[in-house]
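Let's take a walk through this model together, one piece at a time. Have the structure open beside you as you read.

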Amino acid sequence: MPVGAFQALNGIAWCRPQGKCLLRAGSQRCRCGLSWTLRRYHHGALPDDIKSLRAVLNPDISKIRNIGIMAHIDAGKTTTTERMLYYSGYTRALGDVDDGDTVTDFMAQERERGITIQSAAVTFDWKTHRINLIDTPGHVDFTLEVERALRVLDGAVAVFDASAGVEAQTLTVWRQAEKHHIPCVCFLNKMDKPAADLSFSIESIRLKLKANPVLLQIPIGSGKNFTGVVDLLTNQKLTWELTSTRDDGRTFEVRSLGQCEDRELLQAASEARTALIEQVADLDDQFAELVLTDFSDNFDAVPADKLQEAVRRVTLARKGVPVLCGSSLKNKGVQPLLDAITAYLPAPNERHHDLVRWYKDDLCALAFKVLHDKQRGPLVFLRIYSGTLKPQTAVHNINRNSTERMSRLLVPFADQHVEIPSMSAGNIALTVGLKQTVTGDTIVSSRASAAAAARRAQNDSGTGKKRGEHADIVLSGVEVPDPVFFCTVEPPTMAKQADLENALKCLQREDPSLKVRADPDSGQTILCGMGELHIEIIHDRIRREYGIETHLGPLQVAYRETVLQEVSTADTLDRTMGDRRHVASVSLTVRPADMSCDVAFTKELKEQIQPEMREAVENGVQSSYLQGPLLGYPVQGVSTLIHGISVEPGTSPAMVSACVSRCMLKALRLAGGQVLEPVMSLEVTVGEEHLGSVLGDLAQRRGTVRDIQSRHDNKVLLATVPLAEMMGYSTVLRTVTSGNATFSMELDAYQAMNPQAQSALLRRMSGGM
């Protein structure tokens with residue numbers, strides 16, 4: 001074996017042949033016919049300095065991967081991300097969530113609580129690929145962070161606790177990925193846990209996610225004896241023989257499965273590979289033809305590269321999801337996961353964004369996140385879809401119809417960034433100087449570029465747009481969920497009111513799921529958020545980052561209102577202002593609908609009404625939806641049909657809107673009001689000895705038990721419970737189970753409140769209690 005054959009293996013020494021191959025993370029696999037022992041030099045003899053972000057690869061767009069790490073809380077997302085950064089050479093030591101020293105959990109609140117609160121972007125290279133990775137939160141209160149990350153990513157890694165399979169928040173993030181048509185790879189983490197179960201996890205993916213898991217690896221050993229995996233594509237055995245707790249897992253042994261003495265493992269691997277080939281053949285016609293033509297008598301002879309190509313096609317078509325396994329905390333299985341990311345998830349040019357083609361080589365980017373830096377001001381994250389981004393240039397914001405100057409361009413690496421001279425299409429960039437840009441805005445090179453793109457879109461479709469020239473060339477923004485909790489917030493003194501308003505303005509720009517409004521009666525400032533933890537974190541950030549000791553009022557649930565029956569009504573507004581008389585009449589019908597609110601016109605009226613009058617009518621209807629007649633909560637689940645509108649000449653559109661709004665209020669009162677309350681989907685994992693106590697507590701909370709499942713030695717209780725009854729539930733659950741239970745919940749739906757609960761709420765809100 002010539003020494004030159006090993007020159008690609010940086011920091012590796014070769015020795016006598018012993019039938020096995022030991023590789024360092026990031027090295028190229030030995031492709032020689034002989035097997036050799038390779039071992040890593042001692043740390044002191046290696047150039048172990050971490051890589052600089054300035055030297056990060058800037059490859060062709062086909063070598064870029066924009067991915068997100070998503071999972072249920074505590075499945076191991078951040079730990080997995082930390083290992084990826086370490087094995088790729090961008091961190092000097094392995095961080096630990098419990099120690100509060102991970103790269104992506106850099107907020108003080110994240111390090112104190114051991115959870116991810118906001119998504120963090122990092123850029124690194126793995127072999128010949130550049131990976132832009134976003135680590136997302138797993139807590140339901142921060143689901144917007146997952147939503148806006150998935151909006152701009154091309155692929156995702158779903159991390160599972162192998163002892164629990166699919167959990168409550170796993171379902172939520174999986175639905176978000178499906179909504180954006182994102183191909184996924186599954187990583188069954190924590191295979192070293194005693195209760196880890198490959199078959200159970202695979203079945204839960206199949207049944208709960210309605211996905212088609214394509215198993216690419218099987219574990220070697222279980223629980224504490226988990227030592228590695230068998231790669232079913234290459235028929236290789238990958239093992240991590242960690243000799244001490246300080247072993248970082250950077251080196252691992254790769255051995256051909258044919259040299260394995262374990263007959264049981266050989267049999268299991270052979271059966272799993274056969275099942276893999278049959279499954280992929282069912283999902284990919286091209287691979288099926290190859291197998292039937294050339295390898296129908298011997299599946300073992302199917303080449304690994306052909307099987308890998310077929311798995312990639314299946315993944316990109318979202319017909320199946322590759323499944324790998326490992327233990328990030330124990331430093332096993334992360335390098336093959338990185339290989340799978342580059343092998344199976346799509347490059348930016350393999351994801352099709354229709355309207356981007358109108359820009360050709362001009363800049364088109366989407367702002368998906370904003371951070372506030374005390375020294376540099378607002379930092380805006382951009383996903384570049386076309387063109388090139390350069391600092392010290394002016395860019396045009398289509399949504400704000402404004403032009404801003406971008407002063408600096410940075411490569412994101414959690415809270416540490418490096419300035420660069422340019423960034424090409426397909427990448428994620430961090431910009432300084434965009435003071436008006438917010439989440440969801442489309443950024444282009446100039447106003448002329450946007451106009452040229454609009455003309456191309458119109459020429460291609462053959463039809464113009466009534467609602468503005470740029471309607472076809474604005475990237476769809478980020479869908480922000482409605483808040484479910486609110487409370488008042490007050491500064492310590494009135495002198496701090498302006499500072500509080502500035503702090504809330506900055507926090508709203510960072511976090512669009514945070515809503516701030518003023519109470520029209522009391523004038524108090526109202527914070528609206530996604531949950532108890534969300535508002536608690538906001539309160540803590542106001543204190544730490546802006547130095548304001550605010551006082552929060554009691555948390556209240558954000559209810560909704562709807563109607564019970566169909567009602568038709570009419571109204572006329574006749575008002576004289578100065579020497580001008582405004583007269584408008586409207587007739588309409590409101591009826592119960594699904595959970596959305598809409599407005600429609602009869603066919604005859606739709607053809608006759610002028611555009612400005614139609615807009616005035618729609619504004620009047622929408623404004624009436626903001627405050628219901630019962631308790632003043634927003635209206636939901638109402639459909640309005642306008643079947644008559646009469647406007648005398650000289651009447652302003654504002655007066656038309658006022659007439660429609662007054663008529664709507666009358667109709668909503670006549671239709672009978674019903675309060676809708678947010679109902680949570682609750683999952684409690686508890687020992688059988690405490691199951692009765694948990695069930696009794698849920699009965700007192702108006703909970704409805706849907707199912708009780710067995711998971712190893714525990715019971716998994718699935719229930720729906722009104723959010724109003726879940727205040728302080730974690731403390732109560734810890735008390736009744738002596739701390740031996742865990743729970744998670746997500747918003748299920750808004751449902752009609754039962755009569756007794758609604759009467760109690762009405763009395764309480766009117767001061768009758």
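A salt bridge here is a side-chain nitrogen of Lys or Arg within 4 Å of a carboxyl oxygen of Asp or Glu. With that in hand, we can say that this model, which is predicted, holds 31 salt bridges.

Eight strands make up an open sheet, in the order 19-18-24-15-16-23-20-21, with antiparallel pairing. Strand 19 (402-406) and strand 21 (418-419) are its edges, each pairing on one side only. Within the sheet, strand 15 (residues 364-373) and strand 16 (residues 377-386) run antiparallel and are joined by nine bridges. If you want one to find on screen, His 372 has Pro 378 of strand 16 as its bridge partner. Helix 3 packs on this sheet and touches both strand 15 and strand 16, its direction making about 145° with that of strand 15. Helix 11 (residues 497-510) also packs on the sheet, touching strand 15 and strand 16, and its direction makes about 145° with that of strand 15.

How many of the residues of helix 3 are buried? The count is 10 of the 10 in residues 143-152, so the helix is largely enclosed by the rest of the structure. Among these buried residues are Glu 145, Glu 147, Arg 148 and Arg 151.

Now for the charged partners of helix 3. Glu 145, Arg 148 and Lys 369 are linked in a network of salt bridges. Glu 147 meets the side chain of Lys 179 in a salt bridge of 3.0 Å, N to O. Lys 179 belongs to helix 4 (residues 168-179) and Glu 147 to helix 3, so this pair ties together parts that are 32 residues apart in sequence. Glu 147 counts as buried at 5% relative accessibility, whereas Lys 179 is partly exposed at 39%.

Another salt bridge brings together the side chains of Asp 441 and Arg 400, at 2.9 Å from N to O. Asp 441 sits in the loop between strand 23 (428-432) and strand 24 (442-444), while Arg 400 is in the loop between strand 18 (393-397) and strand 19, 41 residues apart. Asp 441 counts as buried at 1% relative accessibility, and Arg 400 as partly exposed at 41%.

Our last stop is Thr 589, in strand 32 (residues 580-592). Thr 589 counts as buried, at 5% relative accessibility. Its side chain makes a polar contact of 2.6 Å with that of Ser 568. Beyond its neighbours within four places in sequence, Thr 589 has contacts including Val 567, Leu 641 and His 643.

How values were computed: Residues numbered from 1 in each chain as written. Predicted model: local features only at pLDDT ≥ 70, side-chain atom pairs only at ≥ 80, totals over all residues. Heavy atoms only, no water. Buried < 20%, exposed > 50% of the residue type's maximum accessible area, 1.4 Å probe, protein only. Helix = DSSP H or I, 4+ residues; strand = E, 2+ residues; numbered from the N terminus. Polar contact = N/O pair within 3.5 Å; in protein donor to acceptor, adjacent residues only side chain to side chain. Contact = heavy atoms within 4.5 Å. Pairing = 2+ DSSP bridges. Axes fitted to C-alpha atoms, helices over the stretch in contact; angles between N-to-C directions.
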